[in-house]
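Keep the model open beside you as you read.

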Amino acid sequence: MLSKNQIKEIQSLHLKKQRDIRKLFIVEGVKSVMEVLANKAELVIMIFATGDFLLNNSEQINRLKINYTKVSTEELEKISLQSNPNQVLALCNYFNVTETTFDFKNNWRYLNHNLFELHNIISCGLNGKQC
């Protein structure tokens, strides 16, 4: 059972501003949640699921040591973004993306060559020439 505060916190993640502040996002639906569990389970903080979902997938959830809360269909409707929620909602951390910058000084030849090639492709396509 979810408390009112938990419901409000999850509902606040419906807004992009709150997701960015908390660095969290929501994944909904059986297929999507199972895909996250299969590929990036370390991102999942908590799963809110109906009894049916837990019955069918408890082995995988326990093996991955993911926290979960059993919720009713009505509670799932309150926290979901969807009009007809589908058995499960997962609360996940943002991906840890490292920012990369392009070094124009050291990569100028590479950039210049690719721009030249791109120019040739565009020119051939616009003029209808065979290149």
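How many bridges join strand β2 to β4, and do the two run parallel or antiparallel? Strand β2 (residues 44–49) is tied to β4 by 5 bridges, and the pair runs antiparallel. Bear in mind as you look that this is a predicted model. To find the pairing on screen, pick Phe-48: its bridge partner in β4 is Leu-89.

Now look at what else β4 pairs with. Strand β1 (residues 24–28) is also joined to β4 by 5 bridges, again antiparallel. Here a handy landmark is Ile-26, whose bridge partner in β4 is Leu-91. So how enclosed is β4, which covers residues 88–93? Of its 6 residues, 5 are buried, so the strand is largely enclosed by the rest of the structure.

That brings us to the packing. As a rule, nonpolar side chains in soluble globular proteins tend to be buried together. In this model the largest nonpolar core has 18 residues, and those with the most contacts inside it are Val-33, Leu-37, Val-44, Ile-47, Phe-53 and Cys-92. The elements giving two or more residues to this core are β1, α3 (30–40), β2, α4 (51–63) and β4. Helix α3 supplies the largest share, 4 residues.

Leaving aside residues up to four places away in sequence, Leu-37 touches Val-44, Ile-47, Gln-60, Ile-61, Leu-64 and Ile-66. There is also a second, separate core of 12 residues, which includes Ile-10, Ile-26, Phe-48 and Val-71.

Finally, the charged pairs. Side chains of opposite charge can pair when their charged atoms come close. The structure holds 2 salt bridges. One links Asp-20 to Lys-16, with the closest N and O atoms 2.9 Å apart. Both residues lie in helix α2 (residues 16–22), and their spacing of 4 residues is about one turn of the helix. How open is this spot? Lys-16 is exposed, with a relative accessible area of 52%, while Asp-20 counts as partly exposed at 29%.

The other salt bridge joins Lys-40 and Glu-42, where the closest N and O atoms are 3.9 Å apart. Since the cut-off for a salt bridge is within 4 Å, this pair still counts. Glu-42 is exposed, at 57% relative accessible area, and Lys-40 is partly exposed, at 37%.

Definitions and conventions. Residues are numbered from 1 along each chain as its sequence is written. This is a predicted model: local features need pLDDT of at least 70, side-chain atom pairs count only at pLDDT 80 or more; totals for chains, interfaces and linings use all residues. Side-chain values use heavy atoms; hydrogens and water are left out. A salt bridge is a side-chain nitrogen of Lys or Arg within 4 Å of a carboxyl oxygen of Asp or Glu. Buried means under 20% relative accessible area, exposed over 50%, partly exposed in between (1.4 Å probe, protein chains only). Two strands pair if DSSP finds at least two bridges between them. A nonpolar core is a set of buried Ala, Val, Leu, Ile, Met, Phe, Trp, Tyr and Cys residues joined through side-chain atoms within 4.5 Å. Contact means heavy atoms within 4.5 Å.
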